[in-house]
Amino acid sequence: MKTRPWTLILPLAAGLACADASRDDSSSETVELAALDAVFADYADGPGCAFAVSRDGQQVMARAYGMANLEWDLPNTPETVFEPGSVSKQFTAAATILLALDGRIDLDDDIREYFPEMPDYGEPITVRMLIHHTSGLRDWGSVAGIHGWGRTTRIHTHKHALDIASRQLALNYEPGRYYSYTNTGYNLQAMLVERVTGQTFDEFSQERIFGPLGMTKTQWRDDFTEIVEERSIGYRRGDDGEWHMLMPFENVHGNGGLLTTVGDLLRFTRNLDTGEVGGPEFIRLMHEQGMLDSGRQISYAGGLFVGEYRGVREVQHSGGTAAYRGFLTRFPDHGLAVSVMCNRGEANPGGLARSVAELYLGDAIDEEASEDPAGTDVDPARVAAFAGGYRDTRTGQFMELTADGSSLRLGLGPGGMSLAAMSETEFASPAGVSIVFDAAAGGGTRPGATMDTPVADDVRIEPVEGFEPSASDLAAYVGAYRSDEAEVTYWVEVEDGGLVLKDRYGDGPSLTPVYPDAFRQGGSTFIFRRDETGRVTQASLSQGRVWDLRFERVQ
């Protein structure tokens, strides 16, 4: 257990399913406890959540619900230690920026100055690109999952993360061209701090961030075997419907791995207004949004998303590691901040935090801003003509548009995103995604389109025709495919009239054909590639955080 002279251990309120540690219930905008408890009504039994609220840096409310440990029947309290997942990234960005303000690094340095083991991709990747997710680096955890040992399945360390990153022969894209969320960039930042300072990342963070801000119960999970007092256990429901533990048994951190409380999170986010640590330039750099080569400014800043929620300026980040979930949001124009952390894998901390925020923001909330964009009436038959499969030209990934009256739905199943018709060729969602088709559909031909999102613009998507491979088509794909970048060999076989992708243990999923030579499995698209003679010699795999990972056919 790490020892710190400023640590104060507070006792658990044993036996309570809901604990209250409010400092000030007499604020001018008092919110009824019943209204707050109603937000968390589904978390009173089983694993639960804690939340805290601050106004102008003063904590005005903190409550907790459900159980921290089901085996010992211990409740969550506002002082329970959770992990907020990628909420941690703003702390890592803060450490990197402080190091730059010290003059010990430059944010525009090529990362190979600190990581000579990383490949030379022809164009420099800068430290600033690591912060803004514009580096093009593949997510090491996703590559590990492709290998067959994803996160939560074995103990990963920074040594493993750097080894995987250094074996990638290609990037997702040229540095600075696009945005793709990648934990690799944040693990590299933690390692960079260690290489430059000679301290562990936790030691630097304690000295420069946690200690000065009075974050007495915060540390990095750089040794998952360490005893952490008042830590909750993460749980998710198993196939049997019962709760099962799901803990982050890994030592990677910087991308996530922060152990903290809801109150400590508020102490940090207050500093993003005051600059008590770091000063005005620190505040500016933390809120500096990334810029793509195209000149497009993206919503991602220093481990923070900068935008609006229902008409109110918001700075926030969500996160999840194993069964822990977290969300930290701040509404700078109103001096309001809300932190939520849960030890229940199915929790939606962002929805919970914003529901709490709405109670405090009151009339500042734009009721109409939560609704879908005011669309226009378009003939459903015209909309239906756009429906079908499309290919993201950057990645080869398959996506599907389905018609829903005058709207389109992007994705598969009930989790898809609805896009209202703004005209006969333009469709948009409240999440900031828009699709503009090249021309109105007609004559049985679907046009291509340009898709914009909060972090990307001018993404070309092209229509693809369905694919029903014959037995001879399937036979052409059968073989073994090797990726040295992921250190894995897959065997493609035909079973029951379809393709199956098997690992070395003989296990694996079936593949669904989506367009010629391309198959889908979950969120991944597996594309077979041919030489000039038409023979299948390669395959590539694209998914959210790994684009075009190549496999050579070895038999």
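**Terms and their grounds**

Modeller: Both Cys49 and Cys342 are buried. Please bear in mind that the model is predicted.

Biologist: What makes Cys49 and Cys342 a disulfide?

Modeller: The two sulfur atoms are 2.2 Å apart, and a disulfide requires cysteine sulfur atoms within 2.5 Å. By this rule the count comes to one disulfide. Cys49 belongs to strand β2 and Cys342 to strand β13, so that the bond links distant parts of the chain, 293 residues apart.

Biologist: Why is the disulfide of Cys49 and Cys342 called right-handed?

Modeller: The torsion about its S-S bond is about 100 degrees, and therefore the disulfide is right-handed.

Biologist: Why is α2 called roughly perpendicular to α7?

Modeller: Helix α2 (residues 89-101) packs against helix α7 (residues 201-210) at an angle of about 80 degrees, the axes being 11 Å apart. Angles of 65 to 115 degrees count as roughly perpendicular, and α2 is therefore roughly perpendicular to α7.

Biologist: Which residues of α2 and α7 meet?

Modeller: From α2 there are Phe91, Thr92, Ala94, Ala95, Leu98 and Leu99; from α7 there are Phe201, Phe204, Arg208, Ile209 and Phe210. By class, this contact has nine nonpolar residues, one polar and one charged.

Biologist: What makes the ring pair of Phe210 and Trp220 tilted?

Modeller: A search of the whole structure finds 27 aromatic pairs. In the pair of Phe210 and Trp220, the ring centres are 6.4 Å apart, and the limit for pairing is 6.5 Å. The planes stand at 40 degrees; stacked requires under 30 and edge-to-face over 60, so this pair is tilted. Phe210 is in helix α7 and Trp220 in strand β6, so the pair ties together parts ten residues apart in sequence. Phe210 and Trp220 are both buried.

Biologist: Why is the pair of Tyr300 and Phe305 called edge-to-face?

Modeller: The ring centres of Tyr300 and Phe305 are 4.7 Å apart and the planes are at 90 degrees, so the pair is edge-to-face. Tyr300 has 0% relative accessibility and therefore counts as buried.

Biologist: How do you know whether Leu292 is buried or exposed?

Modeller: Its relative accessible area is 4%, and buried means under 20%, so Leu292 is buried. Leu292 lies in the loop between α9 and β10. Among the residues that Leu292 touches are Thr134, Tyr178, Ile298 and Asp457. The C-alpha atoms of Leu292 and Asp457 are separated by 9.6 Å, although the two residues are 165 residues apart along the chain.

Note on methods
Residues are numbered from 1 along each chain as its sequence is written. This is a predicted model: local features need pLDDT of at least 70, side-chain atom pairs count only at pLDDT 80 or more; totals for chains, interfaces and linings use all residues. Side-chain values use heavy atoms; hydrogens and water are left out. Axes are lines fitted to C-alpha atoms, for helices over the stretch in contact, and angles run from 0 to 180 degrees between N-to-C directions. Helices (H or I, at least four residues) and strands (E, at least two) are DSSP runs, numbered from the N terminus. Angles under 35 degrees count as roughly parallel, over 145 as roughly antiparallel, 65 to 115 as roughly perpendicular and the rest as oblique. Contact means heavy atoms within 4.5 Å. Ala, Val, Leu, Ile, Met, Phe, Trp, Tyr, Cys and Pro count as nonpolar, Asp, Glu, Lys and Arg as charged, and the others, Gly among them, as polar. Buried means under 20% relative accessible area, exposed over 50%, partly exposed in between (1.4 Å probe, protein chains only). Rings of Phe, Tyr and Trp (its six-membered ring) pair if their centres lie within 6.5 Å; planes under 30 degrees apart count as stacked, over 60 as edge-to-face and the rest as tilted. Lists of a residue's contacts leave out its neighbours within four places in sequence.
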